[in-house]
Amino acid sequence: MSFLLGEVAPDDPSWNKRGALYVPSGQGPTVWAADDIYTVKATGAQTNGNIGFIEATVPAGGGPVPHAHTQEDETFYVLDGELEFTDGDHEFTAVAGDFIHVPKGIRHGFKNRRIHAARLLFIYTPPGLEQLMLDHSTPARPGETPPPIDDDMTARAEQVIRKSKTIMLP
């Protein structure tokens, strides 16, 4: 098979077939996961089982405790702000424009130690954890901040942890 223009028919109707997943800015289901805000931009079901994609806002003091995923790699891209990341026994500060890829089985976490919220993207490969977040987190309400962590939110988080086989680590 060749991909030279002279060897393909540019007027073939298959070139005009639609299939992109488009999620406009500010769109996508949004949940409160602990004190962070996650907007799911793409699930495994929407990407033919390829990736899960989340846009996260992490308020001052927010972020997950160190943990390790047993079934998926997790990739982060920092859009805005500054986060203190844990990588195994090492800590580093990630800022806007930084890329972090965490293979499954690696202890990791992050904390926003600044005054202002940080924003970042998560990519799960294979997908699935993003759907668990949707299924077991509290839907966010416009104009409100996440409520304090209570027994219900803790129980929901424990379901995500158990179902995703995530290992919580100190």
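Lysine 165 is exposed, with a relative accessible area of 53%; exposed means over 50% relative accessible area, buried under 20%, and partly exposed in between, with a 1.4 Å probe and protein chains only. Lysine 165 lies in the loop between α2 and β12 (167-168), and its phi is positive, about 60°, although it is not a glycine. The model is predicted, so local features need pLDDT of at least 70 and side-chain atom pairs count only at pLDDT 80 or more, while totals for chains, interfaces and linings use all residues. Residues are numbered from 1 along each chain as its sequence is written, and side-chain values use heavy atoms, with hydrogens and water left out.

**Overall architecture**

- The protein has 2 helices and 12 strands; these are DSSP runs numbered from the N terminus, with helices being H or I of at least four residues and strands being E of at least two.
- From the N terminus on, the order of elements is β-β-β-β-β-β-β-β-β-β-α-β-α-β.
- Along the principal axes, the C-alpha atoms fill a box of roughly 60 × 35 × 30 Å.
- Of the 170 residues of the protein, 32% count as buried.
- Among contacts between residues at least 6 apart in sequence, 68% join residues at least 24 apart, where a contact means heavy atoms within 4.5 Å.

**The sheet**

- Seven strands form an open sheet in the order β8-β5-β10-β3-β2-β1-β11, with antiparallel pairing; two strands pair if DSSP finds at least two bridges between them.
- The edge strands are β8 and β11 (138-139), each of which pairs on one side only.
- Strands β2 and β3 pair antiparallel over 5 bridges; the bridge partner of valine 40 is isoleucine 54 in β3.
- Strands β3 and β10 pair antiparallel over 7 bridges, and glutamate 55 stands opposite leucine 121 in β10.

**The largest nonpolar core**

- This core holds 23 residues, and those with the most contacts inside it are Tyr38, Phe76, Phe85, Phe110, Leu120 and Phe122; a nonpolar core is a set of buried Ala, Val, Leu, Ile, Met, Phe, Trp, Tyr and Cys residues joined through side-chain atoms within 4.5 Å.
- At least two core residues come from each of β1, β2, β3 (52-58), β5, β6 (82-87), β8 (99-102), β10 and α1.
- Strand β10 gives the most to this core, with 4 residues.
- Leaving aside residues up to four places away in sequence, phenylalanine 76 touches Phe85, Asp98, Phe99, Ile100, Val102, His108, Phe110, Leu120, Leu121 and Phe122.

**The largest pocket**

- The volume of the largest pocket is about 630 Å³; on a 1 Å grid over the protein atoms alone, a pocket is an open set of points where a 1.4 Å probe fits, with protein on both sides within 12 Å along at least five of seven lines.
- Grid points are joined across faces, edges and corners, and a volume is the space filled by probe spheres set on the points.
- The lining comprises 35 residues, of which Ala34, Pro64, Ala157, Ile161 and Met168 lie nearest the centre of the pocket; lining residues have an atom within 4 Å of a point.
- Two or more lining residues come from each of β1 (30-33), β2 (36-42), β5 (73-80), β9 (108-111), β10 (118-125), α1 (129-136) and α2 (151-164).
- Helix α2 gives the most to the lining, with 8 residues.
- By class, the lining has 18 nonpolar, 11 polar and 6 charged residues; Ala, Val, Leu, Ile, Met, Phe, Trp, Tyr, Cys and Pro count as nonpolar, Asp, Glu, Lys and Arg as charged, and the others, Gly among them, as polar.

**Loop residues**

- Asparagine 48 lies in the loop between β2 and β3; its phi is near 55°, a positive value in a residue other than glycine, and it is exposed, with a relative accessible area of 73%.
- The peptide bond from threonine 125 to proline 126 is cis, with omega near -10°, and proline 126 lies in the loop between β10 and α1.
- Proline 148 lies in the loop between β11 and α2 and counts as exposed at 68% relative accessibility.
- Proline 148 and valine 160 are 12 residues apart in sequence and 18 Å apart in space, C-alpha to C-alpha.
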